[in-house]
Amino acid sequence: MVRNPEANRDQFRPDDHPNETFLLSTVVGSYPKPKWLNRADELVEDPDSKFDESDLEEAHDDACRLITHEHERAGLDTVVDGEMRRNEMVEFFADRIDGYEFNGPVKVWGHNYFDKPSVVEEVEYDEPWLVDEFEFTAGVAERPVKVPITGPYTLGFWAFNEAYPSTEELVYDLADLVNEEVEKLVEAGARYIQIDEPALATTPEDHAVVGEALERIAAGIPDEVRIGLHVCYGDYSRVYPEINDYPIDEFDLELSNGDYEQIPVFEEPELEPDLALGVVDAHTAEVESVEEIKRNIRQGLRVVPPEKLTISPDCGLKLLPRDIAYGKTENMVTAVREVEAEIDSGEIDVENPIADD
């Protein structure tokens, strides 16, 4: 069953928050990398270059610091380093988990390739995956830091399984490893963990497998640690209301890109975890106006009251031009603060939030 979002939400409210109402603003995770960082990644692989691993580490530090501060400048309540140290969301973690190996890229669509790993023996936890990343970001940030982790269902089903009798068994072992990582992050001070499960949107009939995996991930994690689940665009009616049985505090949805056609899915029965609502489209290189984003935020108020609403982009923004990503984020935060003020003044009726739209 759902965890206890009331126990961990208020810690992310800034001391100088300007409104009585508080809509938590955040981002899903990835963000466009500075062009010079992509060049640094290339240089370290060039045998003729004097650029070495220590230079690349410094470049990653600089990029993480830059994007963290960019998120804070936009006004976000919780920030991420933009995943500057990461590559593809499965590859990054598979490279850190004993039991995976890589055998070359697989074509996924058009001219795009994915270095799809294979699980060749039982997976095991060795060194922490993200603790150093979190500690660096927390050290340069003035706002709380969220940590996105690719979930065990996606890590299992987006790999070749050559070691386990079933992929479900692999997923459960991976969930135990994610639990170990979350415990290490909590020890390091993390209080906001996001589990990314894009594969759930592609095979939603396995919602029970994801539920069991989340039970393992959440086991022993204290209530003051916020656990969110991000699921990319799909037919959410195929996983709802089962989501209400998941041990999460927040369910993060990609709905802007579908013009909120699926919002009614969550109106009955009541959504039990907090709703993290995507209000800017991660797939369009146009910055939505503040007024458009405010209309999108009102869609979330159809489902949950303000005290259960988190606002974010639809998904990671890494494929967008950086100025577009920043413009979307900045306008999103402006819209959030204006909606809060309008709720406080009674201009928005939270019982009928789209009456005037």
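At what angle do the axes of helix α2 and helix α4 cross, and within what distance do they come? The points below start there; the model is predicted.

1. Helix α2 covers residues 53-74 and helix α4 covers residues 131-140. Their axes cross at roughly 50° and come within 10 Å. Because angles from 65 to 115 degrees count as roughly perpendicular and those under 35 as roughly parallel, α2 is oblique to α4. The crossing of the two helices is right-handed.

2. On the α2 side, the contact is made by D61, C64, R65, T68, H69 and E72. On the α4 side, F136, T137 and V140 take part. Sorted by class, the contact of α2 with α4 has three charged, three polar and three nonpolar residues.

3. C64, one of the α2 residues in this contact, has 0% relative accessibility and therefore counts as buried. The closest cysteine sulfur to that of C64 belongs to C315, 19 Å away, which is too far for a bond.

4. C315 is in no disulfide either. The nearest cysteine sulfur to that of C315 is in C232, at 3.7 Å; a disulfide requires the two sulfur atoms to be within 2.5 Å. C315 is buried, since its relative accessible area is 17% and the cut-off for buried is under 20%.

5. How many disulfides does a search of the whole structure find? The search finds zero.

How values were computed. Residues numbered from 1 in each chain as written. Predicted model: local features only at pLDDT ≥ 70, side-chain atom pairs only at ≥ 80, totals over all residues. Heavy atoms only, no water. Buried < 20%, exposed > 50% of the residue type's maximum accessible area, 1.4 Å probe, protein only. Axes fitted to C-alpha atoms, helices over the stretch in contact; angles between N-to-C directions. Helix = DSSP H or I, 4+ residues; strand = E, 2+ residues; numbered from the N terminus. Parallel < 35°, antiparallel > 145°, perpendicular 65-115°, else oblique. Left-handed = near helix turned anticlockwise from the far one by under 90°. Contact = heavy atoms within 4.5 Å. Nonpolar A, V, L, I, M, F, W, Y, C, P; charged D, E, K, R; others polar.
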